[in-house]
Amino acid sequence: MSAHGMVAATELQPPLAARGIRISAVAAWRLVTHPPTRLSLPVLAALCDIFDCTAADLIQTSAVDSRRPRT
């Protein structure tokens, strides 16, 4: 965000609204301060457009083996 001149989470609202995504100030704050557990594809696509990046730039992934060891 800072690389694009945005310092407050609420500054995301106008660019998102321009792309048809309307979120509250609280929702914008949560999006910026807490990693979302769910994110709609339209919001992800809008964020990628706003920041001129790919989804891989915005989402950290890691594979974890969740199988339990046999005893």
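Which residues does L47 touch, not counting residues up to four places away in sequence?

**Before selecting anything**

This is a predicted model, in which local features need pLDDT of at least 70 and side-chain atom pairs count only at pLDDT 80 or more, while totals for chains, interfaces and linings use all residues. Residues are numbered from 1 along each chain as its sequence is written, and side-chain values use heavy atoms, with hydrogens and water left out.

**The whole chain**

Display the chain as a cartoon. It contains 4 helices and 0 strands, in the order α-α-α-α. The radius of gyration is 15 Å, well over the 11 Å that the globule rule gives for 71 residues, so the chain is more spread out than a compact globule. That radius is taken over C-alpha atoms, and the rule is 2.2 Å times the number of residues to the power 0.38. Helices (H or I, at least four residues) and strands (E, at least two) are DSSP runs, numbered from the N terminus. Along the principal axes, the C-alpha atoms fill a box of roughly 55 × 25 × 20 Å.

Of the 71 residues, 23% count as buried, that is, under 20% relative accessible area with a 1.4 Å probe, protein chains only.

**Helix α3**

Select residues 41-51, which form helix α3; its buried residues are V43, L44, A46, L47, C48, I50 and F51. These buried residues pack against α1 (13-18), α2 (25-33) and α4 (55-58). Next, select D52, which follows α3 and has a positive phi, near 50 degrees.

**L47 and its surroundings**

Return to α3 and select L47, which lies in this helix. L47 counts as buried because its relative accessibility is 8%. Beyond residues up to four places away in sequence, L47 touches L12, L16, L31, C53 and L58; contact here means heavy atoms within 4.5 Å.

**The largest nonpolar core**

Select M6, L12, L16, I21, L31, V43, A46, L47, I50, F51 and C53, the 11 residues of the largest nonpolar core. The largest share of this core, 5 residues, comes from α3. Such a core is a set of buried Ala, Val, Leu, Ile, Met, Phe, Trp, Tyr and Cys residues joined through side-chain atoms within 4.5 Å.

Finish at M6, which is in contact with M1, E11, L12, P15, I50 and F51, leaving aside its neighbours within four places in sequence.

Notes. Buried < 20%, exposed > 50% of the residue type's maximum accessible area, 1.4 Å probe, protein only.
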